[in-house]
Amino acid sequence: MNASAPLAPAILPQDATGSSRIDHLVMLNLVEPGSRVLDVGCGDGSLLALLRDRRGVDGRGIELSREGVNACLAHGLPVIQGDADTDLAAYPDDAFDYVILSQTIQATRQPKEVLEHLLRIGRHAIVSFPNFGHWRVRSELLLRGRMPMTDTLPDPWYATPNIHHCTIRDFVGLCRLVGARIERASALDASGHPMRFALPWWVWNLVGTQGVFLLRRR
Amino acid sequence: MATPLLKPGIDPASQAVEPTSPVARFGADAPLAMDAGVDLAPWQIAYQTAGTLNEARSNAVLVCHALTGDQHVANTHPVTGKGGWWDRLVGPGKPVDTDRYFVICANVVGSCMGTTGPASLDPATGRAYGLDFPLVTIRDMVRGQAMLLDRLGIEDLFLCIGGSMGGMQVLQWAASYPERVFSAMPIATGARHSAQNIAFHEVGRQAILADPNWHGGRYLDVGTRPAKGLGVARMGAHITYLSEPALHRKFGRRLQDRDAPTFSFDADFQIESYLRHQGITFVERFDANAYLYLTRAMDYFDLAADHGGVLANAFRGTRTRFCIMSFTSDWLFPTADSRAIVHALNAAAAPVAFVEVESDKGHDAFLLDEPAMISAAKGFIAAAARERGL
């Protein structure tokens with residue numbers, strides 16, 4: 001790939017005024033009002049609640065932890081206790097307008113298959129993940145010879161749920177492999193804000209702490 | 001034989017005809033159309049209510065009881081004198097809050113606590129129906145409950161909730177009357193009865209049929225009861241309601257009131273004496289023929305088969321909000337059964353939540369003090385109430 005040419009328009013949050021997480025606001029702006037959304041690994045449902053309240057979205061969730069599921073139930077969110085690696089196969093094609101995988105793909109056992117399911121189940125897929133190509137990650141490994149611990153990768157190697165790390169560039173490669181078209185993409189900087197300039201990909205890959213991608217099946 | 005746990009002055013057999021609860025009676029003009037092709041008339045359905053129906057009639061909750069349950073969900077049982085079978089979940093301040101909702105629980109058709117069943121009097125002969133009673137299905141039970149709601153002037157339910165066979169009724173309600181069910185909570189159940197479950201039921205039925213006191217189902221006419229057979233059926237079924245870890249924790253291999261085995265077939269082990277006690281007390285409150293009919297109703301239940309083999313078709317276009325719940329140690333209705341329902345609801349684009357509760361108490365967990373179940377039910381029901389404006 002041509003690493004210096006932008007592949008897709010960057011994503012910028014248009015109403016980054018609330019108290020919500022910036023990455024949630026970035027995703028909020030990618031979702032058409034009134035659409036059907038499946039949030040895979042939805043945690044306590046805060047993104048789903050935001051999408052419902054601000055975009056009138058008909059949202060569903062899948063979450064592994066009982067604590068997360070209970071929090072979702074209390075918010076009136078239809079959330080299924082389950083596992084992205086095994087449960088997505090049961091969803092029919094084109095069931096949702098968007099399927100969101102927020103900070104979860106690196107913890108799945110089969111990221112490629114999960115991504116393929118996302119593109120099958122949803123007209124669009126939105127994926128965010130910590131960028132293992134970030135300069136601090138690289139320097140921890142290069143200079144100190146240790147598995148990196150950063151704000152987006154806070155756990156020590158023996159306790160991390162993450163098993164399939166990738167860089168922004170790796171993810172773009174996976175998108176090509178599974179036939180996903182990148183409609184929009186963004187890298188968030190160390191403070192969680194989208195990088196504001198049309199920077200070349202190698203810069204994103206070096207200074208982005210996480211990547212956010214809007215995908216569509218080809 | 002151990003002393004039965006009976007409230008003095010109440011004959012359990014009388015509950016079948018004149019129960020200690022309100023009864024809705026339907027005459028020849030309002031027969032119950034049963035799947036077996038029989039129009040049952042006259043017939044009656046016994047029920048209990050708690051709480052107050054609001055002016056908009058929008059706060060009604062139907063609680064569906066399990067195989068050997070009854071309408072006494074949150075009040076003292078007239079025969080055993082014990083508390084309601086689900087008073088952990090239903091009552092003031094509980095997830096099904098009787099201060100906020102109007103709770104109805106009816107005895108199902110085919111049972112023996114005041115709704116017409118094999119122990120009821122057949123008006124054609126003047127004696128108990130026995131095996132002349134038509135085979136009952138889960139759909140018949142639900143049809144009967146719907147007629148009761150019509151009688152009570154309740155158009156739709158805020159919530160339909162139940163576990164095990166009660167959960168089957170909840171699923172059937174959602175499939176038969178989607179517009180009448182705002183939210184549904186089937187717990188520890190399945191959309192069909194598995195071959196293994198049918199097998200266990202068959203063992204129980206054969207125990208009853210083999211009891212010489214069963215008299216071809218005519219035992220009420222001759223004044224006997226197939227207590228041994230029904231007790232054995234209950235003992236077998238009770239094992240399936242528990243789990244190995246729970247049995248081990250409660251009883252292990254401990255001996256009952258002795259230091260060494262007696263080298264006999266006495267109840268040496270605690271588990272034996274526990275099961276015998278379960279069998280005996282069950283006989284005091286339940287009718288053997290009703291047990292045959294209700295186990296058969298569960299066996300026949302297969303919601304997908306009723307919809308061209310595709311479970312999702314049972315829920316096509318539904319707007320009911322679902323919360324499905326299973327328990328990790330339930331081997332009668334394992335989590336996979338609940339997941340099959342969840343997948344079908346997803347395929348039908350229904351709003352569905354699913355919780356698998358970590359518990360070592362087996363199938364019976366839904367009747368016990370399981371905090372994770374209580375809190376999940378509370379969250380789901382409270383959110384549904386907000387949505388309904390209650």
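How far apart are B:Asp140 and B:Arg143 in helix α1 (residues 138-152) of chain B? They are three residues apart and therefore separated by about one helical turn. The two residues form a salt bridge whose closest N and O atoms are 2.8 Å apart, where a salt bridge is a side-chain nitrogen of Lys or Arg within 4 Å of a carboxyl oxygen of Asp or Glu. Over all chains, a search of the whole structure finds 29 salt bridges.

The model is predicted, with local features needing pLDDT of at least 70 and side-chain atom pairs counting only at pLDDT 80 or more, while totals for chains, interfaces and linings use all residues. Residues are numbered from 1 along each chain as its sequence is written, chains are lettered from A and ligands numbered from 1 in the order in which they are written, and side-chain values use heavy atoms, with hydrogens and water left out.

We may turn next to the interface. Contact (heavy atoms within 4.5 Å) links 18 residues of chain A with 22 residues of chain B. The chains bury about 1500 Å² between them, 55% of it on carbon and sulfur atoms; buried area is the accessible area (1.4 Å probe) that two parts lose on being put together, summed over both. On the chain A side, A:Leu73, A:Ile80 and A:Gln81 lose the most area to chain B, together 33% of what that side buries. The rule finds one salt bridge across this interface. B:Arg339 forms a salt bridge with A:Asp87, with the closest N and O atoms 3.0 Å apart.

Helices also meet between the chains (DSSP runs of H or I, at least four residues, numbered from the N terminus). Helix α3 (residues 66-74) of chain A packs with helix α11 (residues 371-388) of chain B at an angle of about 25 degrees, their axes lying 7 Å apart. Axes are lines fitted to C-alpha atoms, for helices over the stretch in contact, and angles run from 0 to 180 degrees between N-to-C directions. α3(A) is therefore roughly parallel to α11(B), a term for angles under 35 degrees, with those over 145 roughly antiparallel. Residues of α3(A) that meet α11(B) include A:Arg66 and A:Leu73.

Within chain B, helix α3 (residues 195-209) and helix α5 (residues 227-241) pack at an angle of about 165 degrees, with axes 7 Å apart. α3(B) is thus roughly antiparallel to α5(B). Among the residues making the contact are B:Phe200 of α3(B) and B:Leu230 of α5(B).

Notes: Helix = DSSP H or I, 4+ residues; strand = E, 2+ residues; numbered from the N terminus. Parallel < 35°, antiparallel > 145°, perpendicular 65-115°, else oblique.
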